Amino acid sequence: MNARTEPAEGETGAVARPPLVRELLLVAGLFLVYKFGRQLATGHTAEALHNAQRVWDLERAVRLPGEGGVQSLLLHGDTLAHLANTYYATVHFPATVAFLSWLYLRRPAHYVWARRVLATVTAAALVLPFTFPLAPPRMLASTGLVDTARVYGPSVYGPPSSDHLSNQFAAMPSLHFGWALMVAIGLIVATRSRWRPLWLLHPLVTLVVIVGTANHYWLDAIAAAALLGVTLAVIRPPRRTSTTARHDGPVIAAAEPEPVLVGAAR
């Protein structure tokens with residue numbers, strides 16, 4: 001995200017930047033909902049472990065690659081496992097904050113769209129643990145997977161029985177992956193650099209990390225991608241402007257009317 005990162009086809013129609021204080025409160029609320037909302041569905045240990053076995057068996061039945069294959073790549077040395085745990089613990093929130101901050105400053109219309117999408121995905125993702133609590137693969141002995149955070153550090157979770165800051169039985173969908181994918185999509189849509197597809201490396205690395213550290217199943221990421229896809233189909237990005245060249249002057253961007261964004265209200 002630098003000075004060479006321009007809109008895909010000229011700036012979108014002139015859109016007033018939303019009031020900063022209000023947006024700070026809204027974004028802070030989004031993160032608080034993510035952090036504390038899942039605690040409402042804590043407990044249900046037996047059900048969460050039972051569902052974990054069902055998800056594991058389903059993945060094997062449909063011949064998804066084993067999560068152990070990814071983890072084995074990280075266990076070649078302590079350094080890789082430690083780096084993966086650090087990425088899991090430290091990149092998720094700062095990357096999303098940086099993404100929203102840049103859009104707010106440089107692409108206000110895209111910022112409003114991205115914030116609405118993230119808020120909708122997060123709210124929808126908080127519903128599933130009430131109906132389908134799911135323990136992560138690191139808690140399921142039959143997977144044979146290592147809890148890399150506990151063994152190699154750093155860990156963001158404590159023992160499930162005493163961890164009052166997070167709900168560890170809310171593995172599906174993976175908002176780690178869902179948010180990372182939205183960051184990449186948002187930057188690809190909002191910019192026109194020929195290198196913008198490289199933003200997809202963020203969700204790709206995130207996927208390797210969440211699976212390799214045994215914090216999520218493949219199906220957690222698939223569920224997050226599906227939820228994001230449905231949300232993006234409803235909440236559409238701002239339209240790109242067209243450019244018209246004048247024979248006696250410079251190229252002038254003709255802004256289209258601001259589109260109506262369908263979805264959650266500001």
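Leu100 counts as buried at 3% relative accessibility; buried means under 20% relative accessible area, exposed over 50%, and partly exposed in between (1.4 Å probe, protein chains only). Leu100 is found in helix 5. Helices (H or I, at least four residues) and strands (E, at least two) are DSSP runs, numbered from the N terminus.

This is a predicted model, in which local features need pLDDT of at least 70, side-chain atom pairs count only at pLDDT 80 or more, and totals for chains, interfaces and linings use all residues. Residues are numbered from 1 along each chain as its sequence is written, and side-chain values use heavy atoms, with hydrogens and water left out.

**Around Leu100**

Leaving out residues up to four places away in sequence, Leu100 touches Val27, Tyr111, Ala114, Arg115 and Leu118. Contact means heavy atoms within 4.5 Å. The C-alpha atoms of Leu100 and Leu118 are 10.0 Å apart. Along the sequence, Leu100 and Leu118 are 18 residues apart.

Helix 10 covers residues 201–212. Its expected span is 1.5 Å times one less than its number of residues. For 12 residues that gives 16 Å, and the end C-alpha atoms are 16 Å apart, so the two agree.

The buried residues of helix 10 are His202, Pro203, Thr206, Leu207, Val209, Ile210, Val211 and Gly212. They pack against several helices, including helix 4, helix 5 (92–106), helix 9 (175–190) and helix 11 (218–234). Helix 3 (67–74) and helix 8 are also among the partners.

Two packed helices are described by the angle between their axes and the distance between the axes. The axes of helix 3 and helix 10 come within 8 Å and cross at roughly 100 degrees. Axes are lines fitted to C-alpha atoms, for helices over the stretch in contact, with angles from 0 to 180 degrees between N-to-C directions. Helix 3 and helix 10 are therefore roughly perpendicular. Angles under 35 degrees count as roughly parallel, over 145 as roughly antiparallel, 65 to 115 as roughly perpendicular and the rest as oblique.

On the helix 3 side, Glu67, Val70, Gln71 and Leu74 meet Val208, Val211 and Gly212 of helix 10. By class, this contact has four nonpolar, two polar and one charged residues. Ala, Val, Leu, Ile, Met, Phe, Trp, Tyr, Cys and Pro count as nonpolar, Asp, Glu, Lys and Arg as charged, and the others, Gly among them, as polar.

**Two threonines**

Thr148 is found in helix 8 (residues 148–152). Thr148 is buried, with a relative accessible area of 1%. Its side chain makes a polar contact of 2.8 Å with the side chain of Asn85. A polar contact is a pair of N or O atoms within 3.5 Å; within protein, one must be able to donate a hydrogen and the other to accept it, and residues adjacent in sequence count only if both atoms are side-chain atoms. Beyond its neighbours within four places in sequence, Thr148 is in contact with residues including Gln71, Leu75 and Gly212.

Thr79 lies in helix 4 (residues 78–90). Thr79 is exposed, at 58% relative accessible area. The C-alpha atoms of Thr79 and Tyr152 are separated by 8.6 Å.

**Backbone features**

| Peptide bond | Omega |
|---|---|
| Gly153 to Pro154 | near -10 degrees |
| Met172 to Pro173 | near -5 degrees |

Pro154 sits in the loop between helix 8 and helix 9. Pro173 has its place in the loop between helix 8 and helix 9.

Arg63 has a positive phi, near 60 degrees, in a residue other than glycine. Arg63 counts as exposed at 76% relative accessibility. Ala214 has a positive phi of about 65 degrees. Ala214 counts as buried at 0% relative accessibility.
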